[in-house]
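Subject: Structure handover

Hello,

Please keep it open while you read.

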Amino acid sequence: MRILLVEDDPDLSRQLKLTLADAGYAVDHAPDGEEAQYLGENEPYDAVILDLGLPKVDGVSVLERWRRGNVATPVLILTARGAWSDKVAGFDAGADDYLAKPFHTEELLARLRALLRRSAGHAAPSLSCGALRLDPRAARASVNGEPLRLTSLEYRLLHYMMMHQGRVIGRTELVEHLYDQDFDRDSNTIEVFIGRLRKKLGADRIETVRGLGYRLTPLEGEATA
Amino acid sequence: MLFAGGWTLLVVLVAGVFLTVQFREAAIRRFDQSLAVLTDDLYAGSTIEDGQLRAPFLTDIRATRAYSGRYWVILDKTPDGAMRPVVRSRSLIDSDLMLSSAQIDRLEAAPGKTQYFDMRGPQDKPLRAAVIQAQLPGYANPVVFLAAEDRSPIDADADHFARITAFALLILGGGLILAVVVQVRFGLQPLFRLRREVASVRRGKAERLADDYPEELEPLSRELNALLAHNQEVVERQRTHVGNLAHALKTPLSVMLTEASQQPGQLAEVVERQAQTMREQVDHHLRRARAAARSQTSGERTPVEPILDELAVTLERIFQGKSDGRGVEIDWRCPEDLAFQGEKQDFMELAGNVMENAGKWCKGRIRAEAAPSGEARMLLTVDDDGPGLPPEERALALKRGQRLDENAPGTGLGLSIVDELARAYGGSVKLGESPLGGLRVTLDLPRAET
């Protein structure tokens, strides 16, 4: 397993390199944002440990550039900034996990193992509907290559609709596939989720068929998959 | 407004009196002039024949009719000072026009000059008289020529004019006062609006003033907005400084912790314990600085829905390895127009920590619901399907939150931060039983008016 460690503090870098090497990983080290970006784009790493406060280019920008350049390597953010607004920003940029300093090395190693295990999951064919794409392996969806931020319930609903695209799907059927168990949900649950999906996908992709349900279709002019 | 009204009334009153007096004086002057002509005619036409005074023949018909209102008389001033009428107009019949002694003195003082007097005539009518005292050649005594006319018509005219003026000015004054009222009511409306908006900024209902003010007020509203922006910037900078300091300490702490963990021994234990304390101190003061900065900002309005969405997505990613990779499912509900009265970062900390706590303990399901409750309040309820807490431990979990020092981060429920922050906003945290089987955390927080 080959890991890229991006950290500007020399002491911490030295310690982490030792720890990771002891745990059996091959470690490359980048002390600033520019080098990190270059290495991440050109070397096949299994995971990246990324500090956010970096010289030259900050960590969030490096991560955003990787993701825009289709570098899908799992990234664990390691940062002093532990506020929720920082975490949200990190995940928005495309992080897979987040660990706030100061931390225990055992915790870092555990998170790293989990990250590698998840990314090794079996591949499944991705689904598409016009410019909308859904990757079941990473549980991610995108429109025109722009990643969508979906909660698991929203993702599940979209996944089901994409598997049955072009067909009118009734509300009851959708509720049944949204929740594994039979919960006492108010009748507008589906409307709430359809509303949120429309907000994130664009209003025209999901059509309301009065009295029957909803239908997912590609936009006019978009090639059907 | 009262002052403006009073002032208007005063000005109108002075103008009215001035106009009326002017009109009366002008009318009397004209009147006097026609009388003076008659007096001059009398004076010029009078002759002395055989030591006797003869009045001219005057054609003025009005002076011939009895009590017509126009009179004349020629008086002989005897050496003893008495006035003896010599000739009088027929209109006087047998009445006399008497001069007062003061008037006689004035005539004596200026012989040959026409003087004008007010006097009483027949039937006690007010008269205006033009009088001249002169010395006629061949006549021993000074002679006084007096022409008089009833002045009641000009008095009536003047009164009429005064009434009309008063009426017109009353309308003018009323109109002016009305204009003042309208000016204040409507002309100053933007100022009232400005005051209301500043108040709503202070209460956190708005972040800045609108920019659709009339030309005169626009510079003021612009300056106010600039002041607000500056204020926010200062607070933001302060917060950034404190944050930078605190965060700068965290990497060295990490190094110390790691180093200590790799070299077991007494020193390592001490370093570990001390580093932990330092970390708590840093976190504590970071929050304190934030709270101090918060009290300086004018209240902000933070929409809840997008934050719950962001947190749900983020937390599901954080916990995606949980329960053998099944992860956590966060089902959240929130009305789109619900807004928290306070800072975005703080609401993120509140909701994020409560939801993270639920994520730590749940078996896989979290339900979060935000809803308005009562006057300017909102409730954030977070349920999980974990083991929950027995009632006696719930009270303890909240009590612990009161003293930060006793509560090590990473242990316990991690709700002390939430409790501290909620209190800073005048809110509260309640722990209870969730219908999903686990713990229910309810936050009572201030809601921003829509």
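**Contact between the chains**

The contact draws 28 residues from chain A and 32 residues from chain B, where two residues count as in contact if their C-beta atoms, placed from the backbone, lie within 7 Å. On chain A, the elements that each supply at least two residues to the side touching chain B are helix H1 (10-22), helix H4 (84-93), strand E5 (97-100), helix H5 (105-119) and helix H6 (152-163). Helices (H or I, at least four residues) and strands (E, at least two) are DSSP runs, numbered from the N terminus. H4(A) gives the largest share of that side, 5 residues. By class, the side of chain A that touches chain B has 13 nonpolar, 6 polar and 9 charged residues; Ala, Val, Leu, Ile, Met, Phe, Trp, Tyr, Cys and Pro count as nonpolar, Asp, Glu, Lys and Arg as charged, and the others, Gly among them, as polar.

This is a predicted model: local features need pLDDT of at least 70, side-chain atom pairs count only at pLDDT 80 or more, and totals for chains, interfaces and linings use all residues. Residues are numbered from 1 along each chain as its sequence is written, while chains are lettered from A and ligands numbered from 1 in the order in which they are written.

**Sheet in chain A**

Chain A has an open sheet of 5 strands in the order E2-E1-E3-E4-E5, with parallel pairing (two strands pair if DSSP finds at least two bridges between them). Strand E2 (26-30) and E5 of chain A are at the edges with a single partner strand each, so one side of each has no neighbour in the sheet. Within the sheet, strand E1 (residues 2-6) and strand E3 (residues 47-51) of chain A pair in the parallel sense over 4 bridges.

Regards
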